[in-house]
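I'm jotting down what I looked up, entry by entry.

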Amino acid sequence: MRIVVSSVLVDDQDRALRFYTEVLGFVKKTEIPLGEARWLTVVSPEDPDGTELLLEPDGHPAAGPFKRALVEDGIPFTSFAVPDVQAEFERLRARGVRFTQEPVRMGPVTTAVFDDTCGNLIQIARTHDSP
Amino acid sequence: MVSDIFEALAAPARRAILDELHERNGQALFELCARLAMKHGMGMSRQAISQHLDVLEQAGLVTTRRDGRYKFHYIDPAPLDAIIERWSSPR
């Protein structure tokens, strides 16, 4: 068994595709029409055959309250690995991305949290080799 | 009010929360929980930390502000002035 896809619940697939590709830098992998929505995934250009991120519509009535509650408490929906959290923070902030948590080192990890403009917070993290 | 401050400061977890807000003011609950777990080894539930924040807020040592859809916590050291005044001012 392997994990090949993980999802984020987005309020608008077109806006999500723009943000996750043009701002974050992922690339579109699959786009298959499925009724009103699409099976729409992106991958990291550094790992094009790696785990796909599904930009999944958040139309279920429970999704809205769930996402709003997470955002209010600053809880990220998912997390991406980056080699340098501070550099990524500066790159994204320069592109207008709103951070709810600026980079901070906590023991073995450095993390930061930003808003994906589609109703989610996303964490970027780096695990340090030595404490 | 002053007795609330002493009670609020009595718990190590609440002092750690104030330490972390003093280091960086304006944190979401998630960041505070992560800092307490990773930096202080305090493995408390989010709900327990929320309750500690409520005590600090009732004592006036922490305020929360909404910024759009986010909620941030801020340290307010003003109530501590009353403690300093109490024993340091001339009789």
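Predicted model: local features only at pLDDT ≥ 70, side-chain atom pairs only at ≥ 80, totals over all residues.

Entry: helix pair in chain B. I took helix α2 (residues 12-23) of chain B and helix α4 (residues 46-58) of chain B, and their axes come within 10 Å and cross at roughly 75°. Angles of 65 to 115 degrees count as roughly perpendicular, so I logged α2(B) and α4(B) as roughly perpendicular to each other.

Next I asked myself which residues of α2(B) meet α4(B). From α2(B) I noted B:Ala13, B:Arg14 and B:Ile17. On the α4(B) side they meet B:His52, B:Leu53, B:Val55 and B:Leu56. Sorting the contact of α2(B) with α4(B) by class, I got five nonpolar, one polar and one charged residues.

Entry: chain A against chain B. I found twelve residues of chain A in contact with twelve residues of chain B. On the chain A side, α2 (63-72) and β6 (99-106) each supply at least two residues that touch chain B. Which element gives the most to that side? It's β6(A), with four residues. By class, I have the side of chain A that touches chain B down as five nonpolar, four polar and three charged residues.

Entry: a loop residue. I looked up A:Asp47 and placed it in the loop between β3 (37-43) and β4 (52-57) of chain A. Buried or exposed, I wondered about A:Asp47? A:Asp47 counts as exposed because it has 8 C-beta neighbours inside 10 Å, and the cut-off for exposed is 12 or fewer. I also checked A:Asp47 against A:Phe26: they sit 21 residues apart in sequence and 9.8 Å apart in space, C-alpha to C-alpha.

Terms used. Residues numbered from 1 in each chain as written. Chains lettered and ligands numbered in written order. Buried ≥ 20, exposed ≤ 12 C-beta atoms within 10 Å, placed from the backbone. Contact = placed C-beta atoms within 7 Å. Nonpolar A, V, L, I, M, F, W, Y, C, P; charged D, E, K, R; others polar. Axes fitted to C-alpha atoms, helices over the stretch in contact; angles between N-to-C directions. Parallel < 35°, antiparallel > 145°, perpendicular 65-115°, else oblique.
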